Amino acid sequence: MAETPPLNPASLYGAVDLSSLVQRASAPAGQAPQAQAGGTPGQAAAPAAGEPVATLPDVVVDADEQTLEQFMQLSQFLPVIVEMHAAWSSDAQALSPVLAKIVRGAEGRVVLVRVDLDAHPQLGQQPQVIAIIGGRPLQLFSGNPPEEQITQIVGEILQVAAQQGLTGHVAVDGAPQDDAEGQEPATPPLPPLHAEAFEALERGDYAAAVDAYERALAERPADDEARAGLAQVQLLVRLQGKTLEEIRQRAAAAPDDLDAQLDVADLDLSGGHIDDAFDRLLTLFPKLDAEGKTTVRERLLDLFLVVGVADPRVGAARARLTNLLF
């Protein structure tokens with residue numbers, strides 16, 4: 001039976017159709033890309049443990065369709081963020097230096113690839129930001145979210161990549177160029193307990209990650225990033241050791257079994273089927289006794305944190321839950 005896939009927070013932000021690029025960018029197994037002239041990665045043998053996967057002039061690079069495909073190969077070893085921007089978009093222009101600063105602060109664990117849609121309209125019409133992890137493209141956001149939200153999303157991408165064993169890094173040959181005068185080249189390091197939780201996730205120790213986030217919340221109860229991180233890890237813990245077939249069969253056989261429906265909602269949300277997960281629990285809610293309603297309400301609040309409270313799907317589900325409560 002197929003094992004339940006690991007939680008992919010990045011997938012919670014939707015999907016984009018880059019299937020044609022994925023199909024053309026199939027890297028041979030066991031090979032890692034290294035930089036060619038101009039800073040684009042080509043094919044080379046996988047590096048030794050601890051060695052960089054590639055050497056680039058900067059972790060922020062400009063790309064066209066051809067070089068984008070090559071960076072998709074790089075995503076087999078570390079996450080790649082693709083920023084599709086256009087000069088006519090004020091949001092895109094404001095976002096670029098902030099996103100570059102955050103990526104440079106990750107110290108080579110993620111690469112930012114910029115695509116000018118004015119010069120390459122065949123790649124898209126609307127500015128947006130996409131992650132590519134293991135060759136799989138996932139839409140992150142459009143517009144210009146707050147810097148704190150972007151930092152959280154990039155952290156989630158690194159967690160997802162670590163869960164999939166994609167913990168490579170690139171070396172930078174040359175000093176990075178600031179995107180604006182006075183712009184900081186790097187973000188501050190993660191708070192110690194957040195860093196501890198991330199390191200625990202990298203080695204697959206979910207219990208230690210939960211403990212680190214709980215201690216962070218004990219120190220700062222208003223730490224929203226720790227609260228969201230804790231909700232994500234707890235979802236991983238709930239799904240650990242269960243299979244897709246087991247979860248779905250149990251839920252289908254017992255539509256009124258609360259535990260079974262909670263499990264399949266977790267599964268749906270972890271696979272990016274956010275509306276399905278919310279609808280399942282909200283449809284079940286009126287049928288439950290007081291204890292069951294409390295359980296579902298608390299689980300929904302946790303899932304809202306996993307998806308992100310700014311997501312419009314969370315807003316719609318929260319409004320529906322409020323109507324059911326009152």
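A salt bridge, as the term is used on this tour, is a side-chain nitrogen of Lys or Arg within 4 Å of a carboxyl oxygen of Asp or Glu. The model is predicted, so local features need pLDDT of at least 70 and side-chain atom pairs count only at pLDDT 80 or more, while totals for chains, interfaces and linings use all residues. Residues are numbered from 1 along each chain as its sequence is written, and side-chain values use heavy atoms, with hydrogens and water left out.

Select R238 and D266, whose closest N and O atoms are 2.6 Å apart in a salt bridge. R238 belongs to helix α7 (residues 224-239) and D266 to helix α9 (residues 258-270), so the pair ties together parts that are 28 residues apart in sequence; helices (H or I, at least four residues) and strands (E, at least two) are DSSP runs, numbered from the N terminus. Both R238 and D266 are buried, where buried means under 20% relative accessible area, exposed over 50% and partly exposed in between, with a 1.4 Å probe and protein chains only.

**Second stop: around helix α9**

R299 sits in helix α11 (residues 290-307), 33 residues from D266 in helix α9. R299 counts as buried at 15% relative accessibility, and D266 counts as buried at 0%.

Next, select R250 and D263, which form a salt bridge of 3.4 Å, N to O. This pair links R250 in helix α8 (residues 244-253) with D263 in helix α9, 13 residues apart. R250, at 37% relative accessibility, counts as partly exposed, whereas D263, at 10%, counts as buried. The count for the model comes to 16 salt bridges.

Now turn to the open sheet, in which 5 strands follow the order β4-β6-β5-β7-β8 with mixed pairing; two strands pair if DSSP finds at least two bridges between them. At the edges stand β4 (60-63) and β8 (136-141), each with a single partner strand, so one side of each is left without a neighbour in the sheet. From one strand to the next, the twist averages 30°.

Select residues 80-85 and 128-133 to see strands β5 and β7, which run antiparallel and are joined by 5 bridges. Within this pairing, V82 stands opposite I130 in β7.

Methods: Axes are lines fitted to C-alpha atoms, for helices over the stretch in contact, and angles run from 0 to 180 degrees between N-to-C directions.
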